[in-house]
Amino acid sequence: SCRRRLHHVLVRQDTSETLPRHFRDTSAAGVGSAMCSYNKIRTRWSCENPETLQRDLKERLGFRGWVMSDWGATHSMSLAQGLDQEMPGADFMNAAAIEAALASGEVDASRIDDAALRILTPLFGVGAFDINNTNTQRNNVSTPAHTALARSLAARSVVLLKNNGVLPLDRTTPLRVALFGKSARAPVVGGGGSGAVVPAFVPSPYDAIRARLGLSAGTGDCGLLDASEAEGPCVAQSDGDDTLAAYELARRSDIAIVFVATSSGEGSDRASLSFDGNADLLVRAVAAAKGRRTVVACVAPGAALTPWAGEVGAVTYAFLPGQEYADGLADVLFGDVNPSAHLPLTLPRAENEVGFTDAMWPGVGDKQRVASYSEGLLVGYRWYNAHNATPAFPFGHGLSYTTFALAGLRASPTRVTVTVTNTGRRPGAAAPQLYLTFPPSAGEPPGQLRGFAQAQLQPGESAEVRFPLRARDMSVWNATTHAWQPVHGSFGVAVGLSSRDAAALRGAFRSP
């Protein structure tokens, strides 16, 4: 990781047109704090950059919370530039330095009041001072209610990438289930670094699946699934180091579930987009034996490669899902929860599929590395749309155990409306997504997300989904005037269940 010596050179349209949309929405939602990073932005350290902290975040976007530095990312007395709190100590913003800055006129007393108000107001708002905190980091503060919520969130966040009908599993059938991969016993549920949390307990998928099959301790161990143990239900587990043995175990099972995972931490980058260990070889060995009766359960902090997806029956994907992942996944695998999550990013088919150069990432240079974001707006799904490239799984993709149909598209400059119907046999949640294509003169990538909604529907039920449009949704950033500039002309409209949904409803409206 070169985060402490990286200088970012950004295209103004890129930073002003994509990032502020997210910061604007989080500011409107009342987020209490933000953190500035280690790197430089246009020659200025992030934590002493008045353009990004004071002008853009606080003044233009209306952020009312406080800005703290990442640990050791402060380089100067930066109160006047928009930094409210130096962390973890006070090398530059200690009492003596603040008094000197006040005496010299570098910082006004009103700015000190502003920083204190920004820090204290959100803390009072969440009740941080209501009860004296006598806890320590060793205390277990879990409650049954929070554990149940964690399980629900884990299940609802599992994305079903592929399913040829092997899921959900029928627990009324005496299944002989073979589990593969080390994370079947020791699941990856979080990342490392400052954001790491040590849960009080972490159930394993092995135990969760046994419980769903009604197996008690000391029963239902398939062993090697030989002829003497042909009766199910039972569960066998292999760490998968020996892929030939894994093949044989899978061949003797009724259903094979392969657990693959990778994680990330602070201070270093992932070496590749592959899953850890021999994951790809293991999946292919098991799939060679079990084919469409193979399920792959993935955990990753972001995008990962799935080169074997065409060889298996089902693929689930979770993003560092927390301590209750095992039980939440079991709820999905056995159909107690109908999957409804959708990908918040694109899964590529290959490393660096978008063709980043070293100058773009990780940057060039020794003492001061410079990364030029010359890709502009062609980031993520926008790149795939602009190049008409087909990813492994597109942004917004996510399957269900039921099916949905969209109809009745109506579009205007103020609202887009569709009707969604559950055409399957199970209750489920649809998530229609609205994508706009600007007039060619705007120079924008095609098919940009401008809204999504979720509709929980019973079989045969329909609901109208409305996407309100704001003037800013049809505007581009003018780097000269530093303001949003409305675009006039014909806008293309697509409403589908992913960014590349071939069945998406399409239309247009004209912005006067």
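This report walks through a predicted model of one protein chain, from its overall build to a few local details.

Let's start with the big picture. The chain has eleven helices and 23 strands. Its radius of gyration is 26 Å, close to the 24 Å that the globule rule gives for 512 residues, so the chain is as compact as a globular protein of that length. Of those 512 residues, 46% count as buried. If you take contacts between residues at least 6 apart in sequence, 71% of them join residues at least 24 apart.

Here are some whole-chain values:

| Property | Value |
|---|---|
| Box filled by the C-alpha atoms, along the principal axes | roughly 85 × 60 × 50 Å |
| Accessible surface | about 24,400 Å² |
| Part of that surface belonging to carbon and sulfur atoms | 54% |

Now for the cysteines. A search of the whole structure turns up one disulfide. This kind of link is a covalent bond between the sulfur atoms of two cysteines. Here C36 is joined to C47, with 2.1 Å from S to S. C36 sits in strand β2 (residues 33-36) and C47 in the loop between β4 (44-45) and α3 (51-60), so the pair ties together parts that are eleven residues apart in sequence. The link of C36 and C47 is right-handed, with 110 degrees about the S-S bond. Are C36 and C47 buried or exposed? Both C36 and C47 are buried. C298 is buried too, with a relative accessible area of 0%.

Finally, have a look at a pair of strands. β13 (residues 404-411) and β14 (residues 415-422) pair in the antiparallel sense over six bridges. A hairpin of three residues connects β13 to β14. Within this pairing, A407 has T419 in β14 as its bridge partner.

Terms used:
Residues numbered from 1 in each chain as written. Predicted model: local features only at pLDDT ≥ 70, side-chain atom pairs only at ≥ 80, totals over all residues. Heavy atoms only, no water. Disulfide = S-S within 2.5 Å. Helix = DSSP H or I, 4+ residues; strand = E, 2+ residues; numbered from the N terminus. Buried < 20%, exposed > 50% of the residue type's maximum accessible area, 1.4 Å probe, protein only. Pairing = 2+ DSSP bridges. Rg over C-alpha atoms; globule rule 2.2 N^0.38 Å. Contact = heavy atoms within 4.5 Å. Areas by Shrake-Rupley, 256 points an atom, 1.4 Å probe, with all protein chains shown as cover.
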